[in-house]
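Reader: Hi! Could you walk me through this model when you have a minute?
Author: Happy to, here it is.

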Amino acid sequence: MEDKHTLALTCCITRKMKLVAGESSGHHDLEKILKNQNEKPCNLPLQYLQEITNNFSEERELGRGAFGVVYRGVLRNGQVVAVKKLVFLPGVHDKHFENEVYHLTRLKHENIIRILGYCYEIQHVLIEHNGKYCFAEVPQRLLCLELMPKGSLEKQISDASRGLDWHNRYKIILGICDGLHHLHEEWHTGTPIIHLDLKPENIFLNDNMVPKIADFGLSRLFDPEQTQAYTRTLVGSLGYMAPEYLNKGIITIKADIFSLGVIIIQIIVGHKHYPDSTGTCTQDFIQHVLQNWRNRFKEVKHTSTQKDCEQIKRCIEIGLTCVQTDAAKRPTAKEIIESLERCDITKLHVSNKSSVENVDNHFWKKSDLTFEHTKQVHISKRLKTHRDYFGPEKGKPSSKDESCIEILEQAERMEIDPQLGEALVRERFLYLENRVALAMEKLCFHGGKNSNGHCSSGWNFGIYP
């Protein structure tokens, strides 16, 4: 008996020394990964994660869910990370852990949480069983993730009448759609990742209110050209689960789209109840929501009520389209993004009958557009790609066009102080958006359409009625 105890003690001591030896490596590896976005996640020792979380103390706890607890980890240089420790349930969560590590390691996108490291170690714990002491194997599974200072989306949208303003809510909607589009189509053509647990609690916000999709424990990776799967084991969150998944176990990308629709409605309204579940007429529902927002805008003396109400109306319509019972009628994430982009352009659209001089008259008018670098760059790239459809001469953009493009590109390179140059850039941005609206119409009228009747430039018109 003494030999067995000695052997067990020796094993523990050896393992302890091994962990201590790896501690320094974990420290330097994590700091290196935080500095470089291109670095791959690394294997981190359990003891190192215990150290940076103060042995997983309660005061470091950031939140907890069905699959684990998230702690605040503080590195020696003061940087902060999130450490997710999965709950130990024998034989249950191995697949969830593998899904998170495998999928997050592959995914690199602004709207998907970044994994920094992982830990999978087996501890031998002395327990009493049937009156005897024995060692049991207890797996420790942990993830180290980038920290989201603003917490989960759920905490920010509990009430539409307070909290986040509309511009931030709209920005979050766009970000979630971009992240979902990356999962379904962009990361690897023909092999979508289905999240299957998309909800506000699994979407986190950084300091700039950029949303990031997290918690990939239930996700599914489809094989090439696979379009659906079936399951008898239903897991997820009621209220966000698509009816075909809930009732028949059918898994497609449209299951995520249903969840997205509920989230969009929840972001706008403050709760996840919509006409199908409340019995309210769809149009009455939309008008009621719009009136609530108009009242809020009036209270804060909002300066762009009409424009923002148009955005709100469009987003509600999209949300309701996403939660249709018939999965085939739900749009894809890409179609939603295109619809929102088209809505933004349409609001500034100048009729085809208007002359270029009429567009130029808007150039010096003040605009209440949100200052967004990414959108400015997107517009300037479109102008360069389709410059043949701009006047005054074919193939020769006006000097004002070129000047505005240059200003937007300087803003994108951060060569213009955002505080000092915001008004200047907004004015140029308004002008160029109007020019793009004209250019895209010219492109369509000159035969630039595909077999579906959409503009071949990628600016599809008429996806939604």
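Predicted model: local features only at pLDDT ≥ 70, side-chain atom pairs only at ≥ 80, totals over all residues.

Reader: Thanks! How many bridges join S3 to S4?
Author: There are 7 bridges between S3 (residues 68-74) and S4 (residues 80-86), and the two strands run antiparallel. Val70 stands opposite Lys84 in S4. The two strands form a hairpin with 5 residues between them, and Gly78 in the turn has a positive phi of about 95 degrees.

Reader: And what about S2 and S3, parallel or antiparallel?
Author: Antiparallel, with 3 bridges joining them. Glu61 has Tyr71 in S3 as its bridge partner, and the hairpin from S2 to S3 goes through 3 residues.

Reader: What's the strand order of the sheet?
Author: The order is S1-S5-S6-S4-S3-S2, in an open sheet of 6 strands with mixed pairing. Two strands pair if DSSP finds at least two bridges between them.

Reader: Which strands stand at the edges?
Author: S1 (42-43) and S2 (61-64): each has a single partner strand, so one side of each is left without a neighbour in the sheet.

Reader: Which helix packs on the sheet there?
Author: Helix H3 (residues 94-106) does, touching S4, S5 (115-129) and S6 (132-146). Contact means heavy atoms within 4.5 Å. The direction of H3 makes about 165 degrees with that of S5; axes are lines fitted to C-alpha atoms, for helices over the stretch in contact, and angles run from 0 to 180 degrees between N-to-C directions.

Reader: Switching to rings: how many aromatic pairs does the structure hold?
Author: It holds 5 aromatic pairs. Rings of Phe, Tyr and Trp (its six-membered ring) pair if their centres lie within 6.5 Å; planes under 30 degrees apart count as stacked, over 60 as edge-to-face and the rest as tilted. Phe56 sits in the loop between helix H2 (46-52) and S2, and Tyr71 in S3, 15 residues apart.

Reader: Are those two buried or exposed?
Author: Phe56 and Tyr71 are both buried (under 20% relative accessible area; exposed is over 50%, partly exposed in between, with a 1.4 Å probe and protein chains only). Another pair, Phe97 and Tyr120, is edge-to-face at 5.4 Å centre to centre and 80 degrees between the planes. Phe97 lies in H3 and Tyr120 in S5, so the pair ties together parts that are 23 residues apart in sequence.

Reader: How accessible is Tyr120?
Author: Tyr120 is partly exposed at 38% relative accessibility, while Phe97 is buried at 4%.

Technical notes:
Residues numbered from 1 in each chain as written. Heavy atoms only, no water. Helix = DSSP H or I, 4+ residues; strand = E, 2+ residues; numbered from the N terminus.
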